[in-house]
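The sequence and structure come next, followed by the details.

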Amino acid sequence: MTAHAFLDAFLQPIHVDKEKYVSSSKNSFTDVPSSGVKPSDIYKSSLAALNRSIKHKSRAPGLVFENASLMNSTEPHTPGFMKPHICCHTRKTLDSVHIDAAPSSRAELGHAELFVEVRADATRDFFVGPPPDASHEELRTHDFFKHFQNSELKRRAERAFGQHIAYAMETQARQHRSFDILVHPQLLSEIVLRRLAFASASERGHDVSVEMATPMEELRFLDVVAKYVQDQLDITEEDIPSAVAEQYQQGCVMAVRVLVEDCTSVPSTSPPVVDHCLVSRPITSPLHLVGRATRGEQEGTVVAEPQAAGVRNVPELVAQSEVYQQFIDHGEERSISPVQHTETRISVSTHIGYRLVLGTVDWPVRRLKGTNKLLHAAYDVFQAMRDASSKTSRLHRDISIGNTILVKEPGRDIRQGYLIDWETPSRCGSEGHSIDRSRTGTWKFMPAKVLFTPALPHTLEDDMESLLYVVLYCSLLYVPHNLGGESTHTIIHEFFGECVFLDDEQRGGYGKTTKRATLTLTTHITFNNPDLQKRLDDVRDIHGPHSVSAAEAARLWKNPGNLDAFWRDYLATHVLARADRVENKLPDPETLRRKLERCLPPPPHTLLTTRTRHSL
């Protein structure tokens, strides 16, 4: 597809009565050099040309081009922190861009209509388009990424590619949506800029169901967040502003339209109504350009079923809806616009946006104050796992720190633990095995069996094992013990993050499986709290007692009632520390790499020759 054809498909031509507001493309970029010593030699003159206006005419009416590199981060050469040289914004959103001036922020990408990354010389551009006269087959098989024999050039090319992907991911996460300008200035000036300037928000790829909150809505949001923080957290008056800042950022409150249905029945029988939800922070950026989105059932439907079945300690479902360009009346047929794509080897599928609103507002496990809250919250999560398995025949399959939250409930002295993120559960069959055989979860907390043999089905006892690792991991980070920072880092690295590649498949779990590793952990880690130490040792014995055969140990662990009885009795008979939290500092990675690492016992001898790559 040629540049003209792509742009015609991407942006519709502007109406003839708008032409009078647009400058001619003739000599638009004559002042832009074809090359330079550094990128600024090019993008400074490019900015002047892009923003040039004469009387009532401009290159792109209503759009402003800014030097984003002037607001660069503290790590300007690190993917994930880098910013493009030029960002294009509408005049309407420009003030919002300037509100957040924090060096670590990339808020400008949340409002960018397009971005430009400049190379000082064409020879440093690692991406090449097909020739203008390429055949259909050549277009179909063209690889725009250059191939290099030189390893250093290949590394630089991959870095540049990753940089562009990072920009695209940040833009897509925050928004809800090759040609030479010296040779063909009309392509940029007459087609891209003028069409972009007069295109609607929907035509520019924005989700029109998301908009900036009004000043009154923002004040209301701030008031609700401040009151909730005061109610939920046991903090001093001076700490409240920083806690509020975790949930609110000035000028960054969005009003999101959601179709709210009756969530008490599955499926809902009441007509949906459009409601507005206000959101601000926290904001997360995806690690991959393409993710699994929602696989199979939508998460809200999965949450609604255990909620209706009486499963304890799962979040309350408020609303869920698919996201279309226009919200329509109940019962009216929805239409999906076709997805535009070019003739490449990439398979393009049509996806429908999905929006989920939960009523259980949480605080992460990292805010726990002591052993008491850790073990009670973990027991609450255990109850959610058991109930989901027995009452709905579902396995969560991603028990982790990120999916365990703490909520202060009325009339309860200790914060309640909730199990969230029901995105990847699986139904289980009569034998208790997951029907979905795909391996999923958070690597650190996956059970050893699943890590080592991905094809095996998941079971409730696998989720129970993951919960043990969550408790141990939190204990290593937030509870006093005898290990220093480097030793703690080594255990976390080797026991939780270790992996190898066998037959191009990532596997792990050796440290969790071998008795030598388990004994190393329990022998050399001494927690200051003797009650916690005994609890970890006793649960280790329930999971894999050394005094019985492997078959007998598996039989004992298979019955969750054994762990439940022990845990319930333990909490009833022990007075646990409420405020023994510490921040066990881990060494800086650069410092650690310069030291001789003290490793755990190696995995079995047959795997010692396998190339390993550790993942944290």
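## Arginine 59

Arginine 59 is placed in the loop between strand 2 (57-58) and strand 3 (63-67); strands are DSSP runs of E with at least two residues, helices are runs of H or I with at least four, and both are numbered from the N terminus. The model is predicted, so local features need pLDDT of at least 70 and side-chain atom pairs count only at pLDDT 80 or more, while totals for chains, interfaces and linings use all residues. Residues are numbered from 1 along each chain as its sequence is written, and side-chain values use heavy atoms, with hydrogens and water left out.

With a relative accessibility of 5%, arginine 59 counts as buried (buried is under 20% relative accessible area, exposed over 50%, partly exposed in between, with a 1.4 Å probe and protein chains only). The side chain of arginine 59 makes a polar contact with the backbone oxygen of serine 24 at 2.9 Å, and one of its polar atoms lies 3.5 Å from the backbone oxygen of alanine 49. A polar contact is a pair of N or O atoms within 3.5 Å; within protein, one must be able to donate a hydrogen and the other to accept it, and residues adjacent in sequence count only if both atoms are side-chain atoms.

Arginine 59 also lies over the face of phenylalanine 29, at 6.0 Å from the ring centre. The criterion is NZ of Lys or CZ of Arg within 6 Å of the ring centre and within 35 degrees of the ring normal. Beyond neighbours within four places in sequence, the contacts of arginine 59 (heavy atoms within 4.5 Å) include Val22, Leu50, Ser189 and Arg194.

## Nonpolar cores

In soluble globular proteins, nonpolar side chains tend to be buried together. A nonpolar core here is a set of buried Ala, Val, Leu, Ile, Met, Phe, Trp, Tyr and Cys residues joined through side-chain atoms within 4.5 Å. The largest has 57 residues, of which Leu375, Phe382, Met385, Leu467, Phe496, Leu563 and Trp567 touch the most other members. Among the helices that each supply at least two residues of this core are helix 10 (299-309), helix 11 (371-392) and helix 19 (560-573). Helix 13 gives the largest share, 13 residues. A second, separate core has 19 residues, including Val32 and Leu63.

## Aromatic pairs

Rings of Phe, Tyr and Trp (its six-membered ring) pair if their centres lie within 6.5 Å; planes under 30 degrees apart count as stacked, over 60 as edge-to-face and the rest as tilted. The count comes to 11 aromatic pairs. Tyrosine 379 and tryptophan 567 have ring centres 5.6 Å apart and planes at 50°, so this pair is tilted. It joins helix 11 to helix 19 across 188 residues. Tyrosine 379 is buried at 9% relative accessible area, and tryptophan 567 is buried at 0%. The charged end of arginine 535 sits over the ring of tryptophan 567, 4.2 Å from its centre.

Phenylalanine 445 and tyrosine 473 form an edge-to-face pair, 5.2 Å centre to centre with 85° between the planes. Both residues are buried. One aromatic cluster is formed by Phe445, Tyr469, Tyr473, Phe495 and Phe496.
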